[in-house]
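Colleague: I am new to this one. Could you walk me through how to read it?
Modeller: Gladly. Let us look at it together.

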Amino acid sequence: MKRSPMHSRICTMLLAAALWTFSGCAGFASREPVQVYVVGVEPLEGQGLELRMLVKLRVQNPNDTPIDYDGISIAMNVQGRTFASGVSSETGSVPRFGERVIEVPVSVSALRVLRSAAGIAQTNPDKLDYELKGKLAGPLFKSVQFASKGEVALPKDVYGTNQP
């Protein structure tokens with residue numbers, strides 16, 4: 001089966017484009033991961049069996065190029081269980097070697113809150129472990145994934161025991 005010269009050129013161009021794309025992706029690997037911290041939570045009006053909160057995230061960019069984003073998504077786990085998730089179509093840029101506070105509305109099922117509270121009451125921990133995962137959506141292959149873990153100390157009542 002004989003192939004036309006045009007077919008060979010197209011194959012060569014596709015191969016060159018694929019190699020160029022993958023070599024460009026290698027440059028992304030050298031980026032330092034962004035740091036994301038929860039710096040505030042405010043209540044929002046919910047509906048039915050849903051709780052809504054506005055989560056404020058401080059995003060720090062330790063890289064020498066700005067991070068342009070067009071949307072953000074987050075998921076929060078508490079004590080290893082899914083707790084809340086949210087998205088925002090906010091657009092902006094985190095400057096090079098800079099930071100920005102981004103607000104994301106999240107939804108929490110009231111049933112998840114009850115399940116989490118029951119689990120906390122049974123184990124009576126001194127602290128709650130949380131995990132935050134998300135993505136700053138960027139143009140073409142420039143989305144930035146992030147993850148953050150931490151713990152929150154629970155207040156003690158007047159008798160020295162924890163209150164969930």
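**Reading the loops, strands and surface**

Modeller: Start with a loop. Q79 lies in the loop between β3 (67-78) and β4 (81-94). Keep in mind that this is a predicted model.

Colleague: How large is the relative accessible area of Q79?

Modeller: The value is 34%. Buried means under 20% and exposed means over 50%, so Q79 counts as partly exposed.

Colleague: Which residue lies in the loop between β4 and β5?

Modeller: F97 lies there. F97 also has a positive phi, about 50 degrees, although it is not a glycine.

Colleague: Is F97 buried or exposed?

Modeller: Apply the cut-off again. The relative accessible area of F97 is 53%, and exposed means over 50%, so F97 is exposed.

Colleague: Now the strands. How do β1 and β2 pair?

Modeller: For a pair of strands, check the sense and the bridges. Strand β1 covers residues 35-44 and strand β2 covers residues 50-61. Their pairing is antiparallel, with 9 bridges.

Colleague: Which residue in β2 does G40 stand opposite?

Modeller: That is K56.

Colleague: Which residues form a nonpolar patch on the surface?

Modeller: Look for nonpolar side chains at the surface. Here Y37, V39 and V101 form such a patch. Together they have about 230 Å² of accessible area.

Colleague: Where is V101 found?

Modeller: V101 is in strand β5, residues 98-109. Its relative accessible area is 34%, which makes V101 partly exposed.

Colleague: Step back. What pattern does the protein follow along the sequence?

Modeller: The order is α-β-β-β-β-β-α-β-β. That gives 2 helices and 7 strands.

Colleague: How much of the protein is buried?

Modeller: Of the 164 residues, 24% are buried. The accessible surface of the protein is about 11,100 Å². Carbon and sulfur atoms hold 58% of that surface.

Colleague: And the contacts: what share is between residues 24 or more positions apart?

Modeller: Count the contacts with a separation of 6 or more. Residues 24 or more positions apart account for 59% of them.

Technical notes:
Residues numbered from 1 in each chain as written. Predicted model: local features only at pLDDT ≥ 70, side-chain atom pairs only at ≥ 80, totals over all residues. Heavy atoms only, no water. Pairing = 2+ DSSP bridges. Helix = DSSP H or I, 4+ residues; strand = E, 2+ residues; numbered from the N terminus. Buried < 20%, exposed > 50% of the residue type's maximum accessible area, 1.4 Å probe, protein only. Contact = heavy atoms within 4.5 Å. Areas by Shrake-Rupley, 256 points an atom, 1.4 Å probe, with all protein chains shown as cover. Patch = residues over 30% accessible without salt bridge, like charges linked within 9 Å, V, L, I, M, F, W, Y side chains within 5 Å. Salt bridge = Lys/Arg side-chain N within 4 Å of Asp/Glu carboxyl O.
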